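Thanks for making the time. I have one model to go through, and I would like to take it element by element. Please have the structure open while I talk.

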Amino acid sequence: MGIVAGLDSSAGFTRIVVCDADTGAVLRQGYAQHPGEPKAADVDPQAWLLSLGEAASGGLLEGVQAIGVSAQQHGLVPLDAQGGLVRPAMVGNDKRAQVAAADLVEALGGRQAWAEAVGSVPQAGQPVAKLRWLARTEPENAQRVAMILQPHDWLVWQLLGRPVRRTTDRGAASATGYWSAGSGSYRPDLVELALGHQAALPEVLGPSDAAGTTPEGLLISAGTGETMAAAFGLGLAPGDAVVSLGASGSVMAVHHQALADPQGMITSFADATGMHLPVVHTSNAVRALRGSAEMLGTESLEELSALALKSTPGASGLVLLPYLEGERTPRLPHTAGTLSGLRRESMKPEHFARAAFEGMLCSLADAMDVLRGRGVEVRRVFLLGAAAELPAVQALAPAIFGAQVVVPQPADYTALGAARQAAWALGVSHGTLSPAAPPAWQGAVAQVFEPGEELALGQAVRQQYAATRDQIHPGAFDS
């Protein structure tokens, strides 16, 4: 069918993969860091274009027929009535709007009201909270805002030559805090609640739609957010979940419908295919391992992993509730971590190391159960993040999660997902693919781990963890 490209414009860099449109085989790759301060909260979007140009240099896009764009989620690009920047873009990991987010929760009548309205409760990173911060902190700038874009929307608009029509996709829109994945529509009243007045919002395209064609004849697909692009690049399907192991953690699954959670623990994203990606976040994951390693004096997580495997399931009765930074799931924002079950025989480094891994995985399993409790099927769990390579994680996770565990080989899955979307839009435009079925690219190369005979032991570990959690934090998961 031809050659397509996928673009991943993250917070710090641009990656581009050029792929065969039929098979997904990677033909060429490009990379460039964004110019400027990598952790800046305010960014000139031109930096993203400069990075894109550098990553695409040397004829990287020669012969490419279509491009898909993914970019950092939750960024805010405020434009005036002429399409000019009102102020620098606010990036996704900007935490300045924490108070603004709390204000919005109260203004609409609480967490349940937001969950029912748009499938998520405002967080500091979301555009809706950034708009509230702008209205309260920079009111003159807020008054000038006439159009609201996210980074992926802005990049697509630039690639198309800044047309009158501005577009986004349902995946990126579902991360804004003012578009509902359940109803598939905007809530302009929430924009007004945050900003103080109405503003134009980009048209939401379908998964296989094209945003347009450049003057040179290059097709630009709808694009999407980085989470949705990565899910598409991994080839996730119903029954699949992704556990991301960063300092904090998250559990995301593919589901056939949006989930409104009255407690606000579930964030209801849309995906890049027409399905949904409900997500549950935890405040603590690998930070519990790093803290444990420091406490034990081990030099690396690899050493902590080896130490943990010298212990036995249940860590000789030690249980670590890894709520070191408070916790989002369950909702215990002001609590601390707890080490329980200390006896003379359990006070050994290997047992504490084991309890750290079991505590982290049991906490993520709790988050997974929030989804399972709402009817989300989980048969296969993809583990992402550097900690997924640790032998202790691979040995313990299948039995604790009660599912097959897949550890994908490191690859540019976000860029690959954007490229796959470009191939889909290209195929639909040529009449060779159906709008209902994306191209069947080969899935991720991965290691696979089964629960096997350890399943009963894993469930016993979870019962020990749950008993400790419920004793120390009774009713934490009650509705």
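This is a predicted model: local features need pLDDT of at least 70, side-chain atom pairs count only at pLDDT 80 or more; totals for chains, interfaces and linings use all residues.

Gly249 stands opposite Thr282 in strand E19. Gly249 belongs to strand E17, residues 249-253, and four bridges join E17 to E19, with the two strands running antiparallel.

How many of the seven residues of E19 are buried? Six of the seven are, so the strand is largely enclosed by the rest of the structure.

E19 also pairs with strand E18, residues 266-270, in the antiparallel sense and over five bridges. Two of the partners can be named: Thr267 has Val279 in E19 as its bridge partner, and Ile266 has Val280. Five residues sit between the strands in this hairpin of E18 and E19, and in the hairpin Gly274 takes a positive phi, near 110 degrees.

E18 is mostly covered as well, with five of its five residues buried. Which residues of E18 point one way, and which the other? Ile266, Ser268 and Ala270 point one way, Thr267 and Phe269 point the other way, and all are buried.

On to strand E16, residues 239-245. E16 and E17 pair in the antiparallel sense over five bridges.

Now the whole sheet. In what order do its seven strands come? The order is E18-E19-E17-E16-E22-E23-E24, in an open sheet with mixed pairing. The edge strands are E18 and E24, the latter covering 446-449, and each of them pairs on one side only. From one strand to the next, the twist averages 25 degrees.

Between E17 and E18 there is a loop, and Ala260 is found in it. Ala260 has a relative accessible area of 35%, so it counts as partly exposed. Setting aside residues up to four places away in sequence, Ala260 touches Ala115, Glu116 and Arg374.

Next, two residues from another part of the chain. Asp80 is in the loop between strand E6 (77-79) and strand E7 (89-90). Is Asp80 buried or exposed? Asp80 is buried, because its relative accessible area is 14% and the cut-off for buried is under 20%. Apart from neighbours within four places in sequence, the contacts of Asp80 are Val86, Arg144 and Ala146.

Ile148 is in strand E8, residues 147-149. Its relative accessibility is 2%, so Ile148 counts as buried. Leaving out neighbours within four places in sequence, Ile148 is in contact with Leu76, Val77, Leu131, Tyr178, Val191, Ala199, Ala200, Leu201 and Pro202.

Some backbone details now. Ala315 has a phi near 55 degrees, which is a positive value in a residue other than glycine. Ser316 likewise is not a glycine, and has a positive phi of about 55 degrees. Ala315 is in the loop between helix H11 (301-308) and strand E20, and Ser316 is placed in the loop between H11 and E20 too. What is the relative accessibility of Ala315? It is 0%, so Ala315 counts as buried. Ser316 has a relative accessible area of 30% and is therefore partly exposed.

Where is the cis peptide bond? It runs from Thr329 to Pro330, with omega near 0 degrees. Pro330 lies in the loop between E20 (319-321) and strand E21.

Which residues make the nonpolar patch of about 280 Å²? Leu339, Leu342 and Met347 make it. Leu342 is found in the loop between E21 (338-340) and helix H12 (349-372).

To recap on the sheet: E18 is an edge strand that pairs on one side only, yet five of its five residues are buried. Its partner E19 has six of seven residues buried, and E19 also takes four bridges from E17. That is what I had to show.

Note on methods:
Residues are numbered from 1 along each chain as its sequence is written. Side-chain values use heavy atoms; hydrogens and water are left out. Patches are made of residues with over 30% relative accessible area and no salt bridge: like charges are joined within 9 Å, nonpolar side chains (Val, Leu, Ile, Met, Phe, Trp, Tyr) within 5 Å. Accessible areas come from the Shrake-Rupley method with a 1.4 Å probe; for residues, only the protein chains shown count as cover. A salt bridge is a side-chain nitrogen of Lys or Arg within 4 Å of a carboxyl oxygen of Asp or Glu. Buried means under 20% relative accessible area, exposed over 50%, partly exposed in between (1.4 Å probe, protein chains only). Contact means heavy atoms within 4.5 Å. Two strands pair if DSSP finds at least two bridges between them. Axes are lines fitted to C-alpha atoms, for helices over the stretch in contact, and angles run from 0 to 180 degrees between N-to-C directions.
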